[in-house]
Amino acid sequence: MSLKSFAAKIFAKNIAKKTARWVNNPIQTQEEVFQSLISNAKNTDFGKDHNFSQIKSHSDFANKVPIRDYEELKGYVEKVVAGQKDILWPGIPAYFAKTSGTTSGVKYIPITHESIKYQVEASRNAILNYIHETGNADFVDGKMIFLQGSPEMKEKNGIKIGRLSGISAHYVPNYLQKNRLPSWETNCLEDWDAKVNKIVEETVNENMTVIAGIPSWVQMYFEKLNAKTDKKIGDLFKNFQLFIYGGVNYEPYRAKFENLIGRRVDSIELFPASEGFFAYQNSQKENGMLLLLNSGIFYEFVKADEFFVDNPNRITLSDVELGVNYVMIISTNAGLWAYNLGDTIQFISLKPFKIIVSGRIKHFISAFGEHVISKEVEEAMKQAIEGTDASINEFTVAPQINPEEKELPYHEWLIEFEHPPSDIKKFISILDKSLQQQNTYYFDLIEGKILQTLKITQIKKDGFQEYMKSIGKLGGQNKVQRLSNDRKVADGLRSWSIMKN
């Protein structure tokens, strides 16, 4: 055992003890976070506008501070971007994480000195938790790669602006810097194809032990390595032990990854965003991610099926239930207040509070009242893969309301297969039955002959990557939208379609 791995185990043990303190006192921890946030921001413009000085409880907060998304908070953010102080949080932010919005165009998410500290700690603690649970620390002696956006930043009115992953790159601890790849110059490349090709060159002969990134882009990296060396990733990197990912569900990619790697490796799921770091997988033996309650974020939850009614009921951690689809609302030490992150989650454990990400409140299919969510289509895909000889690279789902022929509407699944199923009818049957079993509304629509059985449109190899490139969203933190209630993504993919089943 090296000195570095020995020290990592000691550090991991200490962090595990600190984590246990708030894990065992979740409600008190959240109350303390809430009171601290209100106290610190009461003299900001937002705090004055919403009478923070009179807020003593969550019910006071819910009465005075409405739920907002970015567009509704934009007026305050624009003042911060202009360099004004004490608007959403005392002083000015350390950074703006620049992301692409939907209706608002470019979004500038404030990141303060307080919030970036917790972002960095959460990333670190996820790995230390793994070391403490498994006793495996040998990987700290090898090379690590994090596929991410460029760390280069611009500055406006004294505030640095960049992508979240690029901002995080500036906070890699010194003891990991010499283990970290790719080089700074390569990391700064904007063209994703060129960047991945350069990363392949820099890593192909290295002792890679940890690889991290969004699964679809890591898959692209693995495929390029395989094409260059004609080796399984696990043979090329014999000490590759840990895959760290976030952003999307790994399960649809798992079979393809294990084939590319040639063996199973441990993985850690993370739930980070520009707005905060919310959860990480804390067990290799159990599903779900530990909700981070002591990280400068106060959580509220609204049942997804009630979210669009006037004044929906906002609950705190003490009132959540298992298996309910909630929209997660956050208030943070970066100055986001009752902020609709857009993600939906479900609790799979209340002791400790552990969650899974079930989708996006704007990403669902309910063209006929079925309200199908990401978790349901991903579970259906998992069952179809397990029940056949198929493997996939990527997929998305959309409603077809007006079929060309005189037939019933249906859900169209656009799938890029790595290996198409030998029995496509069986594959479709498993998909459709699984969705019916998970979603009673979908079942009723099929039974009532409002919808017909789903159909598959096959997308050619690399079609999703080419589509993402065509819309300027190749690589980095960009993800393929898993499902939508309109035809924008589906119609955009038509240029890469092969056939329909």
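Is Arg-163 buried, partly exposed or exposed, and what is its relative accessible area? I looked it up in this predicted model: Arg-163 is partly exposed, at 36% relative accessible area.

**Entry 1: salt bridges**

I wanted to know who Arg-163 pairs with. Its side chain meets that of Glu-190 in a salt bridge, 3.3 Å from N to O. Arg-163 sits in the loop between β5 and α7, and Glu-190 in the loop between α9 and α10, so the pair ties together parts 27 residues apart in sequence.

Next I checked Lys-354, which forms a salt bridge with Glu-286, with the closest N and O atoms 3.1 Å apart. Lys-354 is in strand β15 and Glu-286 is in the loop between β10 and β11, so this pair ties together parts 68 residues apart in sequence. Lys-354 counts as buried because its relative accessibility is 2%, while Glu-286 counts as partly exposed at 48%.

Then I found a network of salt bridges linking Glu-412, Arg-487, Asp-491 and Arg-494. Within it, Arg-487 and Asp-491 meet at 3.3 Å, N to O. Arg-487 is buried at 16%; Asp-491 is partly exposed at 39%. My count for the model comes to 17 salt bridges.

**Entry 2: surface patches**

I looked at the start of the chain. Met-1, Leu-3, Phe-6 and Ile-10 make a nonpolar surface patch with about 480 Å² of accessible area together. Met-1 lies in the segment before α1 and counts as exposed because its relative accessibility is 66%. I also noted a surface patch of positive charge made by Lys-13, Lys-17, Lys-18 and Arg-21; Lys-17 is in helix α1.

**Entry 3: helix α13**

Buried residues here include Tyr-253, Phe-257 and Leu-260. After α13 comes Gly-262, with a positive phi near 90°.

Terms used. Residues are numbered from 1 along each chain as its sequence is written. This is a predicted model: local features need pLDDT of at least 70, side-chain atom pairs count only at pLDDT 80 or more; totals for chains, interfaces and linings use all residues. Side-chain values use heavy atoms; hydrogens and water are left out. Patches are made of residues with over 30% relative accessible area and no salt bridge: like charges are joined within 9 Å, nonpolar side chains (Val, Leu, Ile, Met, Phe, Trp, Tyr) within 5 Å. Accessible areas come from the Shrake-Rupley method with a 1.4 Å probe; for residues, only the protein chains shown count as cover. A salt bridge is a side-chain nitrogen of Lys or Arg within 4 Å of a carboxyl oxygen of Asp or Glu. Helices (H or I, at least four residues) and strands (E, at least two) are DSSP runs, numbered from the N terminus. Buried means under 20% relative accessible area, exposed over 50%, partly exposed in between (1.4 Å probe, protein chains only). Lys and Arg count as positive and Asp and Glu as negative; His and the chain ends are not counted. The place of a charge is taken as NZ of Lys, CZ of Arg, CG of Asp or CD of Glu.
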